[in-house]
Amino acid sequence: MYLVTMLGNLLIILAVTSDPHLHTPMYFFLTNLSLADISFISTTVPKMIVDIQTHSRVISYEGCLTQMSLIILFGCMDSMLLSVMAYDRFVAICHPLHYTIIMNPRTCCIFILLSFFVSLLDSQMHNVTVLQLTCFKDVEISSFFCDPSQLLNLGCSDTFMNNIVSYIIVAISGFLPTSGIFFSYYKILVSILKVPSSSGMYKAFATCGSHLTVVCLFYGTALGVYLSSAISLSPRKDAAASVVYTVVTPMLNPFIYSLRNKDIKKAMWRFLSRTISA
C-alpha cells in the first residue's frame, strides 16, 4: 500500500510538471496535495514496516515528538490544501471571467505558503502542549504511531489546561478549512442551480467531482477515527481506524483524481509513453 501510494502520487506530480497544458492553479494545488500525501504517509508507514521486520515496537522520546509533529504538519496541510482547492473551484465556476486574474501565480504561491505556516503553527502548538507533560517515560501507546490524542492522555500531571489548549487548536485547524470548503461549495451549488441547461450543470459538477470525493474521503475517515476512539474501548479497533485514515486515504487520492479526470489520464499516458520510448 505504501509503494502504491508513492507511485500514484509521484505519477501525478510528474504528469502535471511535464505537461504544459496542466500548468494551471487547480493542478498546481493537486501537485502540492500529492506531495503532502507522500510526506504524510512517510511519517508513519516506513517506521511501522521496520518495526514489523525487526519485531521491535520501541520509539525514542525525541523520535516520538518528531513523528507527532510531522503527522500534524502534513495532516493539517492536507486539510488546508483541500480548502484552497475548494476556493479555486468556486472562483472557476462562479467567476470564470476573472479566474486568471484572481488565481494568478502570486496568489497561488501565497495560498501554499499560508497553508504551510498555519500547519506548522498547529504542529508546534501541539509540540509545546505535549512538552508540558511530566512522567512521559517508558509508556505504551496503543497505536502504530505517536497519536497526539493518546500522548496527551499518558501524562501523569494535571492535563486539564493542556486538553483545553489541544481542543482549541483542533477547533481552529479543523473549523477554518471545513468552513472554507462548505462556503465554497454552497456558492458553487447556488451558481450551478442558476444554469439553464442540464449539460451545463453536469459540466460544472464534473469540474469539482474529484475534489468533492477526496474531501468526503478525508473528512469521513477523520471523523470515523475520532468516533472510533471516543466510542470503542478496543485499542485494536482504534488502530484499524487509524490505518484507514493514515494509509488508505493517501493511497486512494491519486486513483480518484486519475480515474475521474481525463486531463490527468492523458498527461499520464503521454508521460509514460515518452518514458518507455526513451
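A residue counts as exposed when its relative accessible area is over 50%, and as buried when that area is under 20%. Cys216, at 53%, is therefore exposed. This is a predicted model. One disulfide is counted in it, formed by Cys64 and Cys146.

**Cysteines**
- The sulfur atoms of Cys64 and Cys146 are 2.1 Å apart, and the two residues form a disulfide.
- Cys64 belongs to helix 4 (residues 61-94), while Cys146 sits in the loop between helix 6 and helix 7 (148-153), so the bond ties together parts that are 82 residues apart in sequence.
- The link between Cys64 and Cys146 is left-handed, with -130° about the S-S bond.
- Cys64 and Cys146 are both buried.
- Cys108 is too far from any other cysteine for a bond, because the closest cysteine sulfur, in Cys109, is 6.9 Å away; the cut-off for a disulfide is 2.5 Å between sulfur atoms.
- Cys108 has 4% relative accessibility and so counts as buried.

**Phe29 in helix 2**
- Phe29 is part of helix 2 (residues 25-42).
- Its relative accessibility is 0%, so Phe29 counts as buried.
- Leaving aside residues up to four places away in sequence, Phe29 touches Val84, Met85, Asp88, Met103, Cys108, Phe111 and Ile112.
- The C-alpha atoms of Phe29 and Leu82 are 8.6 Å apart, although 53 residues separate the two along the chain.

- Ser119 lies in helix 6 (residues 105-131).
- With a relative accessible area of 0%, Ser119 is buried.
- Beyond residues up to four places away in sequence, Ser119 is in contact with Leu73, Cys76, Met77 and Met80.
- Phe116 also lies in helix 6.
- Phe116 is partly exposed, because its relative accessible area is 34%.
- An α-helix has 3.6 residues a turn, so residues three or four places apart point the same way.

**Helix 1**
- Helix 1 (residues 2-18) has 17 residues, which should span 24 Å at 1.5 Å a residue.
- Buried residues of helix 1 include Tyr2, Thr5, Gly8 and Asn9.
- Leu11, Ile12, Ile13, Ala15 and Val16 of helix 1 are buried too.

Notes:
Residues numbered from 1 in each chain as written. Predicted model: local features only at pLDDT ≥ 70, side-chain atom pairs only at ≥ 80, totals over all residues. Heavy atoms only, no water. Helix = DSSP H or I, 4+ residues; strand = E, 2+ residues; numbered from the N terminus. Buried < 20%, exposed > 50% of the residue type's maximum accessible area, 1.4 Å probe, protein only. Contact = heavy atoms within 4.5 Å. Expected span 1.5 Å × (residues − 1).
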